[in-house]
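Biologist: I'd like to learn how to read a model like this one. Could you take me through it?

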Amino acid sequence: MSEEATVQLDKTIKSASVDDGLSLAELAIDEGRYEQAVGILSGLLLRAPDNATLKLLLGDLYSRMGSFPQARLYVEDALASGKLTPEQVQDANIILALMAGGKPEAKDPFSMSGSLSSALRFRTNATGGTNSDIVLINDQAVAVQANAQEESDWDWSTTLSLRAGYEITSDIAMDTRGFLFVRKQRQETTNNLSVVQVTPGIRFDLVKEKELQVRVRPYVIGSAGELGGRAALMIGGAGVEAQQLVDRRWIFSQSAEYRYVDYRATTDRPGLENLDGDEKRLSAGATYLFTETLSGRLDYRGNWRDTNRESDDRIQHRYRGSVTYRYPFSFTEDKSRLRFAAAYTESDFEGLDRSISVNTVREDEQWEFDLSNTTPIAEDLTLDLSASYSTRDSNLPNFVTEDTTVSAGVTWRF
């Protein structure tokens, strides 16, 4: 680490309270930034050398990173202090037991994680139909047909997500992601959807300092699904992402991505014809820690799409803000999470959809508001509740929509 970076990190830790520092470290741990979390906790421990909780967290982190001698030192010191709660003592003994069968400095190069979720959802516009009284067909205004109007419906969905990695060196790892999604509607069966997707890639860590991480990831996406007809999707791309700890309360993240898309469909359904082209994506975000339980985040995402179908080409800008509050209500030691988010998306299409209009190029504006709550009900199991409202305005009445959604489900993480 450079001398300037070290000085900046020291200032960050010195200006943070222990509680704020712990919250910042826990956020880094949740996002898998272990080296950054170690730096934060080590700095806090210099200010509070008798804090047993800090020592236990450091021991746990070092054990996850395969540094068993350092892990044992911190965990045993925390136990010897006599200041741990009964639950923390149990956690410490589990950490020591897991390390007992391992070798010093050994680290399993293979890792796997995932989640399985299932939810019941009600939508006032399950068909995605317009709520306008008229639509355009060949530039002629006609009354909306029944099959183009919005209709409410219930649906049930299940999602299985998996992520597997294999560490080749300390800076290079294979990274494969995949998911299976199935949605069944109660009435409108033409909108039933099933998708399976696998994304193998390789990750190169360019910078792995405590306050800055930069990585690049080339990947290929293979996807197959069915929505009114079978479809296959192949995407090749590469992305660069960075995360930076700026001071005691700010974390910035940025990413840039390029994709080539090749889409093949076997269906007569409009909008699912064969498609190929490329996409460029740019995103940036910032997280601010107000208190140990309250945080906010701002995000921007830009998408530039160029394909062989003129009416599908677009430039899209999306802005999203969210506030998250963690409160002590759950059936485990973990806190529940309440989040409110608002998003605005502007879409400028580049070509004409001649079946609708030969004179007007589509322009959309969309607002989305979402309130969600996640409550731990058992170890690795959460109850997920959400309610959302979205409205899209367009210069073409065919695409004016409005939707209210409520859902309830459970998620198991492993």
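This is a predicted model: local features need pLDDT of at least 70, side-chain atom pairs count only at pLDDT 80 or more; totals for chains, interfaces and linings use all residues.

Biologist: What is the average pLDDT of the protein chain?

Modeller: First the idea: pLDDT is the predictor's confidence in each residue, from 0 to 100. Here the chain averages 82, and 85% of the residues score at least 70. Go carefully with residues 1-16, where pLDDT stays under 50. For that stretch the model has 27 contacts beyond four places in sequence, a contact being heavy atoms within 4.5 Å.

Biologist: How many helices and strands does the protein chain have?

Modeller: Helices (H or I, at least four residues) and strands (E, at least two) are DSSP runs, numbered from the N terminus. This chain has six helices and 16 strands. Of its 414 residues, 37% are buried; buried means under 20% relative accessible area, exposed over 50%, and partly exposed in between, using a 1.4 Å probe and protein chains only. Among contacts with a separation of 6 or more, 57% join residues 24 or more positions apart.

Biologist: Now the helices. At what angle do H3 and H4 pack?

Modeller: Two packed helices are described by the angle between their axes and the distance between the axes. The axes are lines fitted to C-alpha atoms, for helices over the stretch in contact, and angles run from 0 to 180 degrees between N-to-C directions. Helix H3 (residues 34-47) packs on H4 at about 155°, with the axes 10 Å apart. The pair is therefore roughly antiparallel (under 35 degrees is roughly parallel, over 145 roughly antiparallel, 65 to 115 roughly perpendicular, and the rest oblique). On the H3 side the contact includes Tyr34, Val38 and Leu41, and on the H4 side Leu54, Leu58 and Leu61 are among the partners. By class, that contact has 11 nonpolar, one polar and two charged residues. Ala, Val, Leu, Ile, Met, Phe, Trp, Tyr, Cys and Pro count as nonpolar, Asp, Glu, Lys and Arg as charged, and the others, Gly among them, as polar.

Biologist: And how do H4 and H5 cross?

Modeller: The axes of H4 (residues 52-64) and H5 (residues 68-81) come within 7 Å and cross at roughly 155°. H4 and H5 are therefore roughly antiparallel as well. Residues meeting there include Ala52, Gly59 and Ser63 in H4, and Phe68, Ala71 and Ala78 in H5. This contact has nine nonpolar, four polar and three charged residues.

Biologist: What is the phi of aspartate 380?

Modeller: Most residues other than glycine have a negative phi. Aspartate 380 has a positive one, about 70°, although it is not a glycine. Aspartate 380 sits in the loop between strand E14 (363-378) and strand E15 (381-394), and counts as partly exposed at 43% relative accessibility.

Biologist: Which residues does isoleucine 172 touch?

Modeller: Leaving out residues up to four places away in sequence, isoleucine 172 touches Glu167, Ile202, Arg203 and Phe204. Isoleucine 172 lies in strand E5 (residues 172-185) and is partly exposed, with a relative accessible area of 25%.

Methods. Residues are numbered from 1 along each chain as its sequence is written. Side-chain values use heavy atoms; hydrogens and water are left out.
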